[in-house]
Amino acid sequence: MSSSLKELFSEELKSANDVESINILRVKYLGRKGLITESLKSLASLSLNERPKAGKALNELKVFIEETLRDKELLFSQKVLESRLSRESLDITVCGKYIASGKTHPINQVLSEIIDIFEVMGFEVEEGPEVETDYYNFEALNIPKDHPARDMQDTFYISDDIVLRTQTSPVQIRTMEKNRPPLRFISPGKVYRCDSDVSHTPMFHQVEGLMVDTNINFGHLKGVIETFLKEFFGQKVGIRFRPSFFPFTEPSVEVDISCIICESKGCRICKETGWLEVLGAGMVHPKVFENVSYDSTIYTGFAFGMGVERLTMLKYSINDIRLFFENDLRFLRQF
Ligand code: PHE
């Protein structure tokens with residue numbers, strides 16, 4: 001009995017070549033219902049004088065199988081360890097893997113910077129829709145249907161009554177409709193005009209500003225705008241206010257800074273004038289207050305609007321606005 005079992009075991013052992021097949025053999029021979037265990041039980045059926053010899057042989061076979069399996073298992077697990085060690089050796093001189101990290105777009109960087117400066121002056125941030133009604137984008141801002149000022153802003157019309165906003169000024173109206181004075185907020189966002197060349201893209205960013213209260217005067221407008229421009233371009237920048245026209249402000253101004261490219265000596269960028277226009281502003285027109293039911297005999301205010309791309313181009317001496325939106329990483333990585 002034990003000699004045929006030993007032959008069977010030796011035969012099966014030949015094809016066992018990993019730890020797992022050793023474990024299968026262990027169960028098959030030594031497990032609770034294994035071949036050796038069963039054979040030991042069947043000793044009971046032998047005659048009394050056959051039993052000791054057969055029992056001894058089976059016990060020797062059991063020890064033999066236990067030891068053989070243990071040796072084989074050790075051998076195989078050592079092999080596994082060796083091959084892992086040779087495969088997974090750690091070379092601490094190898095360079096680390098490059099992990100590409102994204103960063104904020106220069107326009108968004110400048111937007112955050114602008115918001116930070118106004119936040120210190122107590123301005124909140126308001127937002128409005130980019131798809132806007134004719135009423136909010138024009139009518140309520142004192143730009144009637146036949147007004148020539150509409151031609152200044154090459155409008156994308158969705159329908160007769162719906163436009164892509166051409167300016168962030170409609171947020172003035174929306175915010176005044178929802179709140180009572182005092183108001184002090186800026187409104188950054190995307191605007192759209194059908195225009196494209198080195199200084200125009202069909203989509204660009206503006207930051208609108210509005211402050212309304214009793215006794216707000218032109219001095220407040222000058223103070224806020226000068227503070228902003230000096231924080232943004234540096235304390236030494238020259239600033240001048242020129243009379244201008246916007247339908248929703250009266251009086252209106254355009255604000256110039258001294259040319260930071262040529263230091264006011266005269267260059268191509270400032271068209272030899274030494275000055276660069278950077279924003280539009282003015283005292284809120286009584287008509288606009290009337291449209292949102294604010295009493296213009298009690299309240300006054302000022303508004304301003306600026307182009308973020310233009311400010312960014314001047315700050316970083318960028319000569320083509322389209323670079324912002326081509327998404328060439330060589331350009332974007334510089335900021
Ligand atoms: N909305 C004007 C423009 O886009 C800028 C502006 C805003 C002027 C607020 C005055 C007051 O040109």
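In the predicted model, an N or O atom in the side chain of Arg193 lies 2.9 Å from an oxygen atom of the ligand, a polar contact being a pair of N or O atoms within 3.5 Å; within protein, one atom must be able to donate a hydrogen and the other to accept it, and residues adjacent in sequence count only if both atoms are side-chain atoms. For Gln206, a side-chain N or O atom is found 3.0 Å from a ligand oxygen atom. Gln167 places a polar side-chain atom 2.8 Å from a nitrogen atom of the ligand. Of the 330 Å² of accessible area that the ligand has on its own, the protein covers 91% (Shrake-Rupley method, 1.4 Å probe).

Around the ligand stand 14 residues, of which Gln167, Ser169, Arg193, Gln206 and Glu208 come nearest. By class, this shell has seven polar, five nonpolar and two charged residues (Ala, Val, Leu, Ile, Met, Phe, Trp, Tyr, Cys and Pro count as nonpolar; Asp, Glu, Lys and Arg as charged; the others, Gly among them, as polar). At least two shell residues each are supplied by strands S5 (203-213), S8 (275-284) and S9 (300-307), strands being DSSP runs of E with at least two residues, numbered from the N terminus. The largest share, three residues, comes from S9.

The chain is assigned domain 1 (2-87) and domain 2 (106-332), with bounds from an automatic or database domain assignment. Their centres, taken over C-alpha atoms, are 88 Å apart.

Residues are numbered from 1 along each chain as its sequence is written. In this predicted model, local features need pLDDT of at least 70, side-chain atom pairs count only at pLDDT 80 or more, and totals for chains, interfaces and linings use all residues, while side-chain values use heavy atoms, with hydrogens and water left out.

Definitions and conventions: A residue is near a molecule or strand if one of its heavy atoms lies within 4 Å of it. Helices (H or I, at least four residues) and strands (E, at least two) are DSSP runs, numbered from the N terminus.
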